[in-house]
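Please view the sequence and the structure before reading on.

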Amino acid sequence: MTADVWLPIPPDEIDGLPEGPDYRFWNGGDDFPADPADCAFYVVPYMKPSPLCVRPMGRMSNVRVVQTLSAGIDHVEPGLGHLPAGVRLCNARGVHEASTGELTLALILASLRGIPDFVRAQDRGEWLGGFRPALADKNVLIVGYGSIGEAIEDRLVPFEVARVARVARSERTTARGPVHPLTELPALLPEADVVILSTPLNESTRGLAGADFLSRMKDGALLVNVARGPVVDTKALLAELETGRITAALDVTDPEPPGREHPLWRAPGVLISPHVGGPTSAFLPRAKRLLVDQLNRYVNREPLRNVILTTGASTD
C-alpha cells in the first residue's frame, strides 16, 4: 500500500489519514504532482469542470479507486472508459445531504414567500406588502429519493406540509411511506404544489422534466431543481415560465452557467442560485471524515463505502 493517493485537499490538513500511501496534493493545477501511473487512489477535485477532472484518468493505469467529493458522478463518467478493469468508483454520500437539504428549503421558502421581490423592493426603498403562498398544507413531490431526497424530507416535516410523495427509479417502502417508481410520475405530478428534482444525471433522467412533465404540473406549482441542469429541458421550462402558469427555483441550469444574455435570467417567476447546494461550511469537515474513513478502509483492505460501480463489471 505504498502507491500514491491524490488528494484535492492538502494532506497535512486532514487528521487521521492512515500511514503507508504517499499522499499527493492535486486540485486541478496544470502540473500533476507525480506520475499518474503511480496513483492508486484518485480523489477527484471538487466543483471543477469535467475535462479537468478526467484529464489524468487516461494515464492512471494502476488506479484502484476513484472517489468523488460530489453526490453526482456524471463529471467523471467520460473518463471511466480509460481506466483498467476493477476500479471502484465511489461517490460522496453523507457529505452534501445537510447543505443541499438546507438550500432546497431556502429556495422553496424564498420562492413561495416572494423574498426576491422584497429584496428588489428594499433596493427601491419600497414597502411591498401582499398575500403570499405558505409551504404549510402544500403537497410536495420529491423526484429522486436517495440520501439527499431523504434529507430534504427531514427538513420539510417541521413545515407542516400536507403530504410528501416520493419517486425513485424503483419502488420500495421506507419508514416514512412508499417510494413510487418513475413509471407512476405522470399520475403524481398533477397533485403536487412543489416538485423537487434531486435525481442523479443519467440517460434515464436527462431531459426528464421536459414538455410533457411540465405540462402535467398543476397551475401555480413550483419546480425546484437541485439535481443537475440537464435533468430539465430548458427550452420547455422557458415556454412554461413565459405563460406564468408555473414558477421555478434552480440551483443548477443547462447551460451552466447561462450566458449573460440567456433568457433564463429574465424569465418570469424564476429564482436562480449559482450551484451552491454543496459548497458550504459543512462541506470540508464532512469531506475530510469521508476521506479518512475510505482511506483507512482501503489500506486495511476493508469494504469501501458508497461504491457506485466497478469498471469492467457486468451490468446485467
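Strand β1 is joined by four bridges to strand β2 (residues 22–25), and the two run parallel. Strands, like helices, are DSSP runs numbered from the N terminus (strands: E, at least two residues; helices: H or I, at least four), and two strands pair if DSSP finds at least two bridges between them. The model is predicted: local features need pLDDT of at least 70, side-chain atom pairs count only at pLDDT 80 or more, and totals for chains, interfaces and linings use all residues. Residues are numbered from 1 along each chain as its sequence is written, and side-chain values use heavy atoms, with hydrogens and water left out.

β1 also pairs in the parallel sense with strand β3 (residues 39–43), over three bridges.

Buried means under 20% relative accessible area (1.4 Å probe, protein chains only).

A nonpolar core is a set of buried Ala, Val, Leu, Ile, Met, Phe, Trp, Tyr and Cys residues joined through side-chain atoms within 4.5 Å. The largest such core has 31 residues, of which Leu141, Phe213 and Leu223 touch the most other members. Its largest share, four residues, comes from α8. A second, separate core has 23 residues, including Ile14, Tyr46, Ala92 and Leu290.

Methods. Buried means under 20% relative accessible area, exposed over 50%, partly exposed in between (1.4 Å probe, protein chains only).
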